[in-house]
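Thanks for asking me to look over this one.

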Amino acid sequence: MLKPLEDRVVLRVKQEEEKSIGGIVLASAAQEKPQTAEVVAVGPGKTTHQGTLIAPTVKPGDTVIFEKFAGTVVKTDGEDFLIIRESDLLAIVE
């Protein structure tokens, strides 16, 4: 499993539907990049210049919305994960 450093978060991106509302099957190039994901792992947090640790606000199991083109995709154990900075997260879905 991946163990993120500092303020990074490992996400399992949720797959979006391949059909439009009208039932038309969309080509992969026409589909929007998913922006919701499940948090799989969270780093310990960011350290300030004064040495204070800022704890992360998300935890494993949270569903989050993230910026469209943020992060790096990593494949491990046959599964794709997205590693992203916590500052690129936009919201927690409740």
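1. Which pattern does the protein chain follow, read along the sequence? The pattern is β-β-β-β-β-β-β-β. The protein chain has zero helices and eight strands; helices (H or I, at least four residues) and strands (E, at least two) are DSSP runs, numbered from the N terminus.

2. A word on what you are looking at: this is a predicted model, in which local features need pLDDT of at least 70, side-chain atom pairs count only at pLDDT 80 or more, and totals for chains, interfaces and linings use all residues. Residues are numbered from 1 along each chain as its sequence is written, and side-chain values use heavy atoms, with hydrogens and water left out.

3. Now to the sheet. Six strands form an open sheet in the order S6-S7-S1-S2-S5-S8, with antiparallel pairing; two strands pair if DSSP finds at least two bridges between them. At the edges sit strand S6 (72-76) and strand S8 (89-93), each of which pairs on one side only. On average, neighbouring strands of this sheet are turned by 45° against each other, direction ignored. For that angle, axes are lines fitted to C-alpha atoms, for helices over the stretch in contact, and angles run from 0 to 180 degrees between N-to-C directions.

4. Four bridges join S1 to strand S7 (residues 79-85), and the two run antiparallel; here Arg-8 stands opposite Arg-85. S1 also pairs with strand S2 (residues 36-42) in the antiparallel sense, over five bridges, with Val-9 opposite Val-42. Further along the sheet, strand S5 (residues 63-66) pairs with S8 over four bridges, again antiparallel, and Val-64 stands opposite Ile-92 in S8.

5. How many salt bridges does a search of the whole structure find? There are five, where a salt bridge is a side-chain nitrogen of Lys or Arg within 4 Å of a carboxyl oxygen of Asp or Glu. In one of them the side chains of Asp-7 and Arg-85 meet, at 2.8 Å from N to O. Asp-7 lies in the segment before S1 and Arg-85 in strand S7, so this pair ties together parts that are 78 residues apart in sequence. Asp-7 is buried, at a relative accessible area of 11%, while Arg-85 is partly exposed at 32%. (Buried means under 20% relative accessible area, exposed over 50%, and partly exposed in between, with a 1.4 Å probe and protein chains only.)

6. Another salt bridge links Arg-12 and Glu-79, with the closest N and O atoms 2.6 Å apart. Arg-12 lies in strand S1 and Glu-79 in strand S7, so the pair ties together parts that are 67 residues apart in sequence. Arg-12 is partly exposed at 30% relative accessibility, and Glu-79 is partly exposed at 30%.

7. Lys-59 and Asp-62 also meet in a salt bridge, at 3.0 Å from N to O. Lys-59 is exposed, at 52% relative accessibility, whereas Asp-62 is buried, at 11%. Elsewhere, salt bridges that share partners join Arg-12, Glu-38 and Glu-79 into one network.

8. Last, the overall numbers. Of the 94 residues in the protein chain, 24% are buried. Among contacts (heavy atoms within 4.5 Å) between residues at least 6 apart in sequence, 61% join residues at least 24 apart.
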